[in-house]
Amino acid sequence: MKTILITGCSSGYGLETARHFHALGWNVVATMRRPSAAPLTASDRLHTLALDVTNPDSIALALERAGPIDVLVNNAGIGLFGALEHSPMQKIRDIFETNTLGTIAMTQAAIPQMRARGSGVIVNITSTTTLAPFPLAAAYTGSKTAIQGFTRSLAHELAPLGIAVKLVEPGYGPTTAFAQNTEIRLEDVLPEPYWSYAQPILAGMAEPALFTTEADVAKAVWQAVHDESGRSHFPAGADALALVA
Ligand SMILES: NC(=O)c1ccc[n+]([C@@H]2O[C@H](COP(=O)([O-])OP(=O)(O)OC[C@H]3O[C@@H](n4cnc5c(N)ncnc54)[C@H](OP(=O)(O)O)[C@@H]3O)[C@@H](O)[C@H]2O)c1
């Protein structure tokens with residue numbers, strides 16, 4: 001039985017991906033910062049572990065406790081919607097620590113065991129903001145675009161070792177906890193003249209014609225993990241698929 005370790009499973013795309021792989025027979029290590037609040041029922045094939053991707057000790061301990069893993073999904077992420085001019089620099093650093101350096105650190109820590117076995121898959125969850133410019137998300141887009149380039153380069157050096165590195169690019173998911181998982185108030189990062197500029201964008205986000213669901217991402221991760229064609233990009237969600245089409 002294969003084992004998948006997923007970061008950021010307390011809600012949203014990570015939680016649904018954990019449920020999806022568990023339902024389809026995988027051994028799942030669902031990691032999150034506070035496992036005591038896990039919305040998952042542990043079973044002999046589903047284990048929850050504490051993991052903060054910004055903390056090297058936490059990464060080492062989680063990988064030690066997880067044992068051998070066949071697949072790593074770097075899903076943990078935080079966002080920020082607002083004007084760069086008013087975005088707190090500490091928040092921008094936090095975004096890069098989690099989305100960019102957290103993904104890189106997790107990947108680096110998982111490689112040795114995969115290299116030793118000569119197999120493994122690493123899936124990095126980025127965003128459609130990396131495929132087409134999305135306004136008022138410059139820092140977030142930068143953090144995810146770095147992972148697009150990181151993944152494309154790393155895939156070359158790990159392929160000869162039997163390790164595949166792939167991208168899942170979700171579209172806008174209004175039903176996850178993503179927008180709530182920030183202590184930043186919109187009015188603080190969107191004072192005039194940005195507030196007037198942001199109004200139609202916010203209105204569009206409130207009623208998106210196409211969007212991404214948790215199930216869309218879980219299925220795209222499943223597809224990425226099982227694909228053997230050499231494909232490296234897996235857009236997830238109706239809006240993402242429309243964008244690449
Ligand atoms: N929703 C969207 O519109 C959208 C669109 C494109 C891409 N994405 C990407 O999809 C991924 C999942 O987002 P989501 O929409 O499912 O949002 P979500 O519901 O907020 O889930 C994000 C997860 O990341 C975890 N996390 C945050 N910081 C962490 C850290 N330092 N260490 C470990 N875990 C941490 C959160 O856990 P805690 O409970 O510990 O906070 C949460 O479980 C993210 O990478 C996001 O950038 C989202």
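Select α3 and α4 to begin: their axes come within 9 Å and cross at roughly 15 degrees. Axes here are lines fitted to C-alpha atoms, for helices over the stretch in contact, and angles run from 0 to 180 degrees between N-to-C directions. Helices (H or I, at least four residues) and strands (E, at least two) are DSSP runs, numbered from the N terminus. α3 and α4 are therefore roughly parallel to each other; angles under 35 degrees count as roughly parallel, over 145 as roughly antiparallel, 65 to 115 as roughly perpendicular and the rest as oblique. The crossing of these two helices is right-handed, where right-handed means that the near helix is turned clockwise from the far one by less than a right angle, and left-handed anticlockwise.

Before going on, note that this is a predicted model, in which local features need pLDDT of at least 70 and side-chain atom pairs count only at pLDDT 80 or more, while totals for chains, interfaces and linings use all residues. Residues are numbered from 1 along each chain as its sequence is written.

Stay with the right-handed crossing of α3 and α4. On the α3 side, select I92, I95, F96, N99, T100, T103 and I104; on the α4 side, A139, Y140, S143, K144, A146, I147 and F150 make the contact. Two residues are in contact if their C-beta atoms, placed from the backbone, lie within 7 Å. This contact has nine nonpolar, four polar and one charged residues. Ala, Val, Leu, Ile, Met, Phe, Trp, Tyr, Cys and Pro count as nonpolar, Asp, Glu, Lys and Arg as charged, and the others, Gly among them, as polar.

The crossing is right-handed. P56, I59, A60 and L63 of α2 meet A105, M106, A109 and A110 of α3. Of the residues in this contact, eight are nonpolar, with no polar and no charged ones.

Now select α1 and α7, the latter at residues 214-226. Their axes lie 8 Å apart, at an angle of about 55 degrees, and α1 and α7 are therefore oblique to each other. α1 passes α7 in a right-handed crossing. From α1, pick G12, Y13, E16, T17 and H20; from α7, pick E214, A215, V217, A218, V221 and W222. By class, this contact has six nonpolar, three polar and two charged residues.

Which residues come nearest to the ligand? Of the 31 residues around the ligand, these are G8, G12, R33, G77 and T176; a residue counts as near if its C-beta atom, placed from the backbone, lies within 6 Å of the molecule. α1 (12-23) and α3 (89-117) each supply at least two residues of the shell, and α1 gives the most, with three. The shell has 12 nonpolar, 16 polar and three charged residues.

Two backbone details come next. Most residues other than glycine have a negative phi, and most peptide bonds are trans. L136 is not a glycine, yet has a positive phi of about 65 degrees; look for L136 in the loop between β5 (120-125) and α4 (138-158). E192 and P193 are joined by a cis peptide bond, with omega about 5 degrees. P193 lies in the loop between α5 (186-189) and α6 (194-206).

Finally, zoom out to the whole protein, with its eight helices and seven strands. The C-alpha atoms fill a box of roughly 55 × 40 × 30 Å, taken along the principal axes.
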